Amino acid sequence: MSPHGPHPDDIGTNPGDVGVDLGSVPQAPSHTLVMDHRTTVKLHKCRLHVSSGPDEGRQLVTDKERLRVGAHPQNDLVLVEDRTASRHHFEIQYTERGYLLVDLNSTNGTFLDGRRIERAYLSPGSQIRAGSSTVTFSPIDEEVTIEPDREGELCGMVGQSVKMRQIFGLIKRIAPMDVSVIIQGETGTGKELVARAVHELSGRKKGPLVVLDCGAIPPNLIESELFGHEKGAFTGAVSARPGAFERAQGGTIFLDELGELRLDLQPKLLRVLENREVRRVGGNDVIEVDCRVIAATNRDLVKEIAAGAFREDLYFRLSVIHIHLPPLRQRRDDIPHILKGALAEPEVVERHGRKRFSPEALSMLMAYTWPGNVRELMNVLSHVLTFSEGEEILPTHLPPRVRGQAREGPLPFNEHLSFKDAKEQLLENFEREYITSVLARCEGNLSRAARESGLHRKSIERLVKKYQLDAKGMKPR
């Protein structure tokens, strides 16, 4: 690896990936190699083979992070003929230390290499006895070379660059695998679109996709939003409510801005991921949940771990697959393709007619640094469509900052107030101006304003109410 850091084409999977500097944090072996724009991903699988007993010859090869064995039909490996095996006899979990064998309070116990255990780590060739059956465990490390996808589009994402086509290829390969994913990238790079693509291309696509923004929910409500609450659990809990994990049953839960999750809630989230069960706030009942977990963050979680702000075991549990999205400034060649695709949308054509950018305007768009990435690009396009007339979009239609004409001025604060009061006043002025501008551009459409601002609709509604804005009557300024 270059001493100057990772190559911008690198895509990582698992802790210790290419493109991730773990510093002093304990590392797992590297799981990605990049060679000539091809990504080699090391996938974890295991084989369970019934080597003796009534079900001799049955076997299972799987990449699941957690699998169960027993007599009940819902197990991953079903011991159909073994009447001495418990309904749910044992399970195997993939952890940061390897594969962990856990007895599920079976009637006759679980034996590993002749010794009864409750929890123990497995080795290649381990013999597991459950009832009258002996199951041989074999880990399988499979290396898969992922070529850049030939298509320049995937589930609404557009990208002809090698970086993006690598990511498209990776998404297609890992989507069918029922494993956790962490998506990392700057604000506006399209992390939610990647999560939706993974869901749509998975075996869970018929189930719900539940999105929870950990950074947009008040700290006192995040636990309830995640795990649900019972009636009377706290002031305002007038009725019982299922949390995000329950609502995602059979589908996928997308935890956006995971890096914002309070440190005291991280162990609770880890327990849910490991045990696949939740307990509502104020409740005693344990509720089993079955959903795939995808998380996203714009923070460097490895640095957060080193600073003590994020749990290493939670990071490992989530980052079975790690996708890093490049900022738009590192794939500027995609800008014309993104704009062309957006302008060709039937809704855009019907509302604004056929549009195209002049070479001069496109050149300015290509030269701009796009700190807000694709989201900012789409917002600029929305601005342009609102204010341009005719078929050709000219430089004069672009916002001043994109034309390089923006001027930085002093912040309009009142120095005669205390620091705290001046800061609050400045923040309120910003909130009012920003939300008014976005709503005006979106003609008062709260859902569209939420999409363009990156805020949840509830946050938009809260700000509209706070500043007593007339959203319905707003028009472009």
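**Nonpolar cores, salt bridges and a surface patch**

In the predicted model, F245 contacts L226, F227, I253, L269, V272, L273, V278, V289, C291 and V293, residues up to four places away in sequence being left out of the count. Apart from the core described next lies another one, of 28 residues, which includes M164, I171, A197 and I323. The largest nonpolar core comprises 32 residues, and F245 and L255 have the most contacts inside it. At least two residues of this core come from each of β16 (209-213), α3 (222-227), α4 (244-247), β19 (252-256), α5 (266-275), β22 (292-297), α6 (301-306) and α7 (312-318). The greatest contribution is that of α5, with four residues.

Across the whole structure, 27 salt bridges were found. In one of them, the side chains of K172 and D149 meet at 3.0 Å, N to O. This pair links distant parts of the chain, 23 residues apart, with K172 in helix α1 (residues 162-174) and D149 in the loop between β12 (133-146) and β13 (153-154). K172 is partly exposed, at 38% relative accessibility, whereas D149 is buried, at 11%.

A salt bridge also joins D290 and R204, with the closest N and O atoms 2.7 Å apart. Because D290 lies in the loop between β21 (287-288) and β22 and R204 in the loop between α2 (191-200) and β16, the pair ties together parts 86 residues apart in sequence. Here D290 is partly exposed, at 38% relative accessibility, and R204 is buried, at 11%.

On the surface, L427, F430, Y434 and L455 form a nonpolar patch with about 360 Å² of accessible area together. L455 is located in the loop between α13 (446-453) and α14 (457-466).

Key: Residues are numbered from 1 along each chain as its sequence is written. This is a predicted model: local features need pLDDT of at least 70, side-chain atom pairs count only at pLDDT 80 or more; totals for chains, interfaces and linings use all residues. Side-chain values use heavy atoms; hydrogens and water are left out. Patches are made of residues with over 30% relative accessible area and no salt bridge: like charges are joined within 9 Å, nonpolar side chains (Val, Leu, Ile, Met, Phe, Trp, Tyr) within 5 Å. Accessible areas come from the Shrake-Rupley method with a 1.4 Å probe; for residues, only the protein chains shown count as cover. A salt bridge is a side-chain nitrogen of Lys or Arg within 4 Å of a carboxyl oxygen of Asp or Glu. A nonpolar core is a set of buried Ala, Val, Leu, Ile, Met, Phe, Trp, Tyr and Cys residues joined through side-chain atoms within 4.5 Å. Buried means under 20% relative accessible area, exposed over 50%, partly exposed in between (1.4 Å probe, protein chains only). Contact means heavy atoms within 4.5 Å.
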